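Please read it beside the sequence and the structure.

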Amino acid sequence: MRTRSSQAVRKLLALVPPTARVWREGKEHEVPLDAVRLGDLVRVRPGESIPVDGEVVDGLSGVDESLVTGESLPSEKQPGDEVIGGSVNQAGTLLVRVSRIGEASFLRQVARQVEEARALKPGVLALVDRVLDFYVPAVLVVAGLALLAWGPGAWLVAGAARGTRAIYAALAVLVMGYPCALGMATPLALIRGGGIAAGRGILMRSAEAFQALRDLDTMALDKTGTLTTGRPVVERVEPLAELDRAEVLGLAASVEQVSEHPLAGAVMAAAGADKAAILPVEEFVAVPGRGARGRVGGRPVAVGSPAFAAMQGADLRPHHSRIEAIQDAGWTAAVVVAEGRAVALLGIGDPLKEDAAETVSRLRKAGLDVVMLTGDHERTARAVAARAGIRQVRAGVLPEEKAAAVRALQEEGRRVAMVGDGINDAPALMQADVGIAIGAGADIAIESADIVLVGERLGAVVEAVRIGRVSYRRTVQNLVLAFTFNGVGVPLAAAVCFTPPGRWWPWWPA
């Protein structure tokens, strides 16, 4: 486990580029990251990882901050906004004033949280270890008592010590009490359980996970990429004018076809599914953080946020309640504007996985409390939780707050499993009694987990719990049988029922 946490930390810190372009003395210099000082101005170009924590002083752009929030949609940045080192700048160029360096930086703090979570993680004492803690001393005591009984004890009772019998009795007890059966009982059950799990796309990375799964009473789930697909799609199209759905999507896709924004891909996919006509766009302009506009078929068309639509002259007052309804559903509201008039509203969201609601229901039937921990906004988180059937929600939590939430549940006496897929889930995965990573997620999450679900199927969580519980029951069964064998053999050995070859008690001479 220590090795796994160290690997996770190394991969986490590797997200930050080794150099930064710093503006000093009127010129741009590329310097090692260790040479960057507080207050320096750092230039970040489109597509680059941001090397430092700081505040935007110039530029507009969308920034992928999934390492902080776990969300796939970019966060729009403008002067005055904070950015985090390791996040990815997508569209525009940013000039960032450095506000935190070294151990104070966000990624360094997350790395420290991973290590601390490992240190604070409750230890799981394997069942066989508990048995051996009492069994081995008991065997040694019985061997000593047998030696005393056939030696000094026989002399006191019968007037003559049986030295040979005493030695053989003690040796026979040690031989019969050797815990080879106990030592095989656990591995055989766990190997069988691990093989069944692997055949169903579940990789068990630690033996302790089997016992922890048996004791679980709480399942904490991340949202994006765990309960949801992690890919935005157009969930709702509401035409506001005489245009139909296909015509609206055609106009929006015509503008978005040259955009690199993640929401543009969702619009293009929806237009393709509806076989909408996509026309060439002219005079295309993307406004980071707001939307895009251009001329389609000779008329101005824009797609973007409600605020961006208002900037294009659209009157959204009659549609305020519809926009609120889209946002209450946990979707991003986008407005399609043609010739200064709003012609459609789009609801773009991250849909639930097909088996998400069923998995939550099955977890409850298995006796587990289900909790959602997410870095997303409260409104979106509660909307997704309602669709999945989850009642307990903690939204807007940072990576260290996720780990703290798991630790708080453990301090209540609960056994907690955490399921996640993102960089921001790593501390919580390490802190949980059992960390379960979605195999299609980030490498750092996988390195931090005890169990890896190959692919994106959430229902495998229920199967992992069931396999863990069955394997544990079989382990207990094997231990009982093995202990019965040893428990019967040790007293018989102490009574000298087992003698050297060719001899048989009671005619075996002293």
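How many bridges join strand E4 (residues 53–58) to E9? Five bridges join these two strands, and the pair runs antiparallel. The model is predicted, so to speak, throughout: local features need pLDDT of at least 70, side-chain atom pairs count only at pLDDT 80 or more, and totals for chains, interfaces and linings use all residues. Residues are numbered from 1 along each chain as its sequence is written, and side-chain values use heavy atoms, with hydrogens and water left out.

**Terms for strands and helices**
- Strands (E, at least two residues) and helices (H or I, at least four) are DSSP runs numbered from the N terminus.
- Two strands count as paired if DSSP finds at least two bridges between them.
- Strands of a sheet pair through backbone hydrogen bonds, either parallel or antiparallel.

- Strand E1 (residues 19–24) is joined to strand E2 (residues 27–32) by six bridges, in the antiparallel sense.
- Two residues lie between the strands in the hairpin of E1 and E2, where glutamate 25 takes a positive phi near 55 degrees.
- Arginine 21 has glutamate 30 as its bridge partner in E2, and arginine 43 as its bridge partner in E3.
- E1 and E3 run antiparallel and are joined by three bridges.
- Strand E3 (residues 41–44) pairs with strand E9 (residues 94–100) over four bridges, also antiparallel.
- Within E9, leucine 95 is the bridge partner of arginine 43, and arginine 100 is that of aspartate 53.

**Three-stranded sheet**
- E6, E5 and E8 form an open antiparallel sheet in the order E6-E5-E8.
- Strand E6 (75–77) and strand E8 (88–89) are at the edges with a single partner strand each, so one side of each has no neighbour in the sheet.
- Strand E5 (residues 61–64) is joined to E6 by three bridges, and glycine 62 has glutamate 76 in E6 as its bridge partner.

- Seven strands form an open sheet of mixed pairing, in the order E10-E22-E21-E20-E11-E18-E19.
- Its edge strands, E10 (202–204) and E19 (392–394), each pair on one side only.
- From one strand to the next the twist averages 20 degrees.
- Strand E11 (residues 218–221) and strand E18 (residues 369–373) run parallel and are joined by four bridges; alanine 220 stands opposite valine 371 in E18.
- Helix H7 (residues 208–215) lies across E10, strand E21 (434–438) and strand E22 (451–453), at about 100 degrees to E21.
- Axes are lines fitted to C-alpha atoms, for helices over the stretch in contact, and angles run from 0 to 180 degrees between N-to-C directions.

**Second largest pocket**
- A pocket is an open set of points on a 1 Å grid over the protein atoms alone, where a 1.4 Å probe fits, with protein on both sides within 12 Å along at least five of seven lines; lining residues have an atom within 4 Å of a point.
- The second largest pocket holds about 350 Å³ of space, a volume filled by probe spheres set on the points, which are joined across faces, edges and corners.
- Its lining has 16 residues, and Val16, Leu33, Gly102, Ser105 and Arg108 lie nearest the centre.
- Helix H3 (residues 106–120) gives the largest share of this lining, three residues.

**Confidence**
- The pLDDT (the predictor's confidence in each residue, from 0 to 100) averages 82 for the protein, and 85% of the residues score at least 70.
- Residues 502–510 have pLDDT below 50, with 17 contacts (heavy atoms within 4.5 Å) beyond near neighbours in sequence.
- Where pLDDT is low, the predicted coordinates should not be read in detail.
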